[in-house]
Amino acid sequence: MNLSSIILQVSTDLISSPEADEIRLSLWELAKEGGWIMVILAIFSVIAVYIFSERFITINKASKKDDNFMNMIRSYMFEGKLDDAKHLCEETDTPISRMIEKGISRIGKPLNDIQTAIENVGNLEVSKLEKGVALIGMISGAAPMLGFLGTVTGMIRAFYDMSMAGNNIDIELLSTGIYQAMVTTVGGLIVGIIAYIFYNILVSRIDNVVNLLESKSIEFMDVLNEPA
């Protein structure tokens, strides 16, 4: 009896057995069949959900548009109230405000120096927003690989049990290895797909923040170039 016929036999027995309707396998019991790899996948899923939730909230706060802020900055600068403009930036406490505050503190220096200082702060703010995002990207790639590792180890276990059983091959004897192979594959794919979606959502949000920071830096430099 080869392995494919054994797997087919297991599937047929589960479907056609009179006791199949009475068997209700919970997700927890199913996960336990996956072994230690499911523990790692569970840890990966918790990390991915935590980072995504925390970063999503942080990035949303950073991406809020406040046109009134730039209007007030422009008004203060035209009136020569640089201290009031800096105080407004400190009170606002957003990536945009910290970037503009750096530009205001460099007023009096060449425009290229001001623009460089603004860009440096903008890059630092973006790097802060990206904190932990790469880890989600790693999880999206590592989780399916772990699942496939579980598939291989599960099939090795099934083959080993088959070889040790000799001619007395029992379906129940092979079920543990087959369970591990299938459950870890599904678990790894689920965690990997979710992490991949999380990663791309965050990257898209960060790109929006980058565009916003660039537009506000250009707007600030336009204010400096406007005639008094």
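# Briefing: aromatic cluster, nonpolar core and salt bridges

F52 and F198 are both buried (under 20% relative accessible area, with exposed meaning over 50% and partly exposed in between; 1.4 Å probe, protein chains only). This is a predicted model in which local features need pLDDT of at least 70 and side-chain atom pairs count only at pLDDT 80 or more, whereas totals for chains, interfaces and linings use all residues. Residues are numbered from 1 along each chain as its sequence is written, and side-chain values use heavy atoms, with hydrogens and water left out.

**Overall architecture**

- The protein chain contains nine helices and zero strands, where helices (H or I, at least four residues) and strands (E, at least two) are DSSP runs numbered from the N terminus.
- Read from the N terminus, the order of elements is α-α-α-α-α-α-α-α-α.
- Of the 228 residues in the protein chain, 33% are buried.
- Considering contacts (heavy atoms within 4.5 Å) between residues at least 6 apart in sequence, 79% join residues at least 24 apart.
- The protein chain exposes about 13700 Å², of which carbon and sulfur atoms supply 60%; accessible areas come from the Shrake-Rupley method with a 1.4 Å probe, and for residues only the protein chains shown count as cover.

**Aromatic cluster**

- A pair of aromatic rings is described by the distance of the centres and the angle of the planes.
- Two aromatic pairs are counted under the rule that rings of Phe, Tyr and Trp (its six-membered ring) pair if their centres lie within 6.5 Å, with planes under 30 degrees apart counted as stacked, over 60 as edge-to-face and the rest as tilted.
- F52 and F56 make a tilted pair, at 5.5 Å centre to centre and 35° between the planes.
- These two residues, F52 and F56, are four residues apart in helix 3, so about one helical turn separates them.
- F52 is buried at a relative accessible area of 13%, while F56 is partly exposed at 24%.
- F52 also pairs with F198, and this pair is stacked, at 4.1 Å centre to centre and 10° between the planes.
- Because F52 lies in helix 3 and F198 in helix 9, the pair ties together parts that are 146 residues apart in sequence.

**Nonpolar core**

- The largest nonpolar core comprises 42 residues, and those with the most contacts inside it are L41, F69, I73, I100, I104, I136 and F220; such a core is a set of buried Ala, Val, Leu, Ile, Met, Phe, Trp, Tyr and Cys residues joined through side-chain atoms within 4.5 Å.
- Two or more residues of this core come from each of helix 3 (36-62), helix 4 (67-78), helix 5 (82-92), helix 6 (95-105), helix 7 (111-129), helix 8 (133-165) and helix 9 (171-225).
- Helix 9 supplies the largest share of the core, 12 residues.
- Leaving aside residues up to four places away in sequence, I104 touches I73, L82, A85, K86, C89 and F220.

**Nonpolar surface patch**

- F148, L189, I193, Y196, I197 and I201 make a nonpolar surface patch of about 560 Å²; patches consist of residues with over 30% relative accessible area and no salt bridge, with like charges joined within 9 Å and nonpolar side chains (Val, Leu, Ile, Met, Phe, Trp, Tyr) within 5 Å.
- Helix 9 gives the largest share of the patch, five residues.
- L189 lies in helix 9 and is partly exposed, with a relative accessible area of 38%.

**Salt bridges**

- The structure holds seven salt bridges, each a side-chain nitrogen of Lys or Arg within 4 Å of a carboxyl oxygen of Asp or Glu.
- K81 and E79 form a salt bridge whose closest N and O atoms are 3.2 Å apart; K81 is partly exposed at 38% relative accessibility, and E79 is partly exposed at 47%.
- R98 and D93 meet through their side chains at 2.5 Å, N to O, and R98 is partly exposed at 27% relative accessibility.
- E219 and K216 form a salt bridge at 3.6 Å, N to O; both lie in helix 9, three residues apart, about one turn of the helix.
- E219 is partly exposed, with a relative accessible area of 22%, whereas K216 is buried, at 8%.
- Salt bridges with shared partners link D93, R98, E125 and K128 into one network.
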